[in-house]
Amino acid sequence: MVFCYMQKADIITLAENFINNSPNNYITEESALNPQCVGMKIYEAPIFAFGSADDKLYDKYKSFDIIGSHFLSPIEWLSDTKTVISFFLPYTDKIKTANSIDCCRPADEWLHGRYEGQNLLKLLLEYLINSISEAGFKSLAPSLDQRYKVSNEEKNIKHTSNWSERHIAYVCGLGTFGLSKGIITRKGMSGRFGSIVTELDLPKDSRNYSDIYEYCNMCGVCIDHCPANAISKNGKESSICSDFLNKVFEKHNPRYGCGKCQVGVPCESEIPMT
């Protein structure tokens, strides 16, 4: 195998070209839930942050008060990991606007973004992993790994996964949490996150914040928008949110989602003013 070195800019360009040129980034007539969704674009170009695999925050995530002992650090996924790559795929304005109209029911456009959008995110992960691996550096996406799992509350383990895309985004410097437990990036929080651990040693981005809610102005608009009443000034009650999402899934299987706390709010597409 011929080894070569990849720069951060190379990975970003690969991802941008993949998203902009992928036919899977558009809703087909066959899959569209309504005629207005035909040809709809799902994602805009992604934004990236690159973090260190040995960041001390990963040890803190093993605390029950944050995630739990079942959380696996980057080096537990890949022993020679040097870099953690986190990215955010912002939804298009059409998806965000459509989902802000009805206060109770998720828009068809949002359901497509959540379902077809997640399928495209997986394809992007596989594409980037293959590209980095072909350059000579082992890489993997924990969310696609057979070891990935979501734990329940048995044996004092909360309903959390052993790899949290939101928490990884926070470590890498992509953004901070909001009251709805979403991550607020410079492109807002309306979209999807993905991450890769790799042996490729890349320069790390600065984490330009110190508080987990630093980008949230605590305006409370997401509280009013939540149809399940799962959000308060104390944060979001995940079990209430999950129960509501389960009902959506039952009605729209295989599609699911809600996203009302991510649209029509100051942090929808940017970091809000204080």
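**View 1. Helix α8 has buried residues on one side.** F244, V248 and H252 are buried in α8. Because these residues cover an arc of only 70° around the axis, they sit on the same side of α8; the arc is that of the directions from the helix axis to the C-beta atoms. On the other side of α8, K247 and E250 are exposed. Buried means under 20% relative accessible area, exposed means over 50%, and partly exposed lies in between, with a 1.4 Å probe and protein chains only. The cover over the buried residues of α8 includes α5 (108-134). Helices (H or I, at least four residues) and strands (E, at least two) are DSSP runs, numbered from the N terminus. The model is predicted: local features need pLDDT of at least 70, side-chain atom pairs count only at pLDDT 80 or more, and totals for chains, interfaces and linings use all residues. Residues are numbered from 1 along each chain as its sequence is written, and side-chain values use heavy atoms, with hydrogens and water left out.

View 2. Helix α8 (residues 238-252) has 15 residues, so at 1.5 Å a residue it should span 21 Å. The expected span is 1.5 Å times one less than the number of residues. The end C-alpha atoms of α8 are 21 Å apart, which agrees. In the segment after α8 lies P254. What kind of peptide bond joins N253 and P254? The bond is cis, with omega about 10°.

**View 3. Helix α6 is mostly covered.** How many of the 8 residues of helix α6 (residues 165-172) are buried? The count is 7. They are E165, H167, I168, A169, Y170, V171 and C172. Among the elements that cover them are β1 (47-52), α2 (57-60) and β2 (83-90). The cover also includes β4, β5 and β6 (191-198). Following α6 comes G173, with a positive phi near 105°.

**View 4. The second largest pocket.** This pocket has a volume of about 190 Å³. A pocket is found on a 1 Å grid over the protein atoms alone, as an open set of points with protein on both sides within 12 Å along at least five of seven lines. A cavity is a set of points where a 1.4 Å probe fits but cannot get out, and lining residues of either have an atom within 4 Å of a point. Grid points are joined across faces, edges and corners, and a volume is the space filled by probe spheres set on the points. Of the 13 residues that line the second largest pocket, F48, A49, G173, L174 and R186 lie nearest its centre. By class, the lining of the second largest pocket has 7 nonpolar, 4 polar and 2 charged residues. Ala, Val, Leu, Ile, Met, Phe, Trp, Tyr, Cys and Pro count as nonpolar, Asp, Glu, Lys and Arg as charged, and the others, Gly among them, as polar.

**View 5. The largest cavity.** The structure holds 1 cavity of 30 Å³ or more. The largest cavity has a volume of about 110 Å³. Its lining is made of 17 residues, and C216, N217, C219, C222 and C267 are the closest to its centre. Which classes make up the lining of the largest cavity? There are 13 nonpolar residues, 4 polar residues and no charged ones.

**View 6. A15 in helix α1.** Helix α1 (residues 8-21) contains A15. Is A15 buried or exposed? A15 has a relative accessible area of 0% and is therefore buried. Not counting residues up to four places away in sequence, A15 touches P46, F48, L124 and L128; contact means heavy atoms within 4.5 Å. A15 and L128 are 113 residues apart in sequence, and their C-alpha atoms are 7.2 Å apart in space.

**View 7. H225 in helix α7.** H225 belongs to helix α7 (residues 221-225). With a relative accessible area of 28%, H225 is partly exposed. C103, K260, V263, G264 and V265 are touched by H225, not counting residues up to four places away in sequence.

View 8. K181 is found in the loop between β4 (176-177) and β5 (183-184). Although K181 is not a glycine, its phi is positive, about 75°. K181 is partly exposed, at a relative accessible area of 31%. N229 lies in the loop between α7 and β7 (231-232). N229 is not a glycine either, yet has a positive phi of about 55°. Its relative accessibility is 62%, so N229 counts as exposed.
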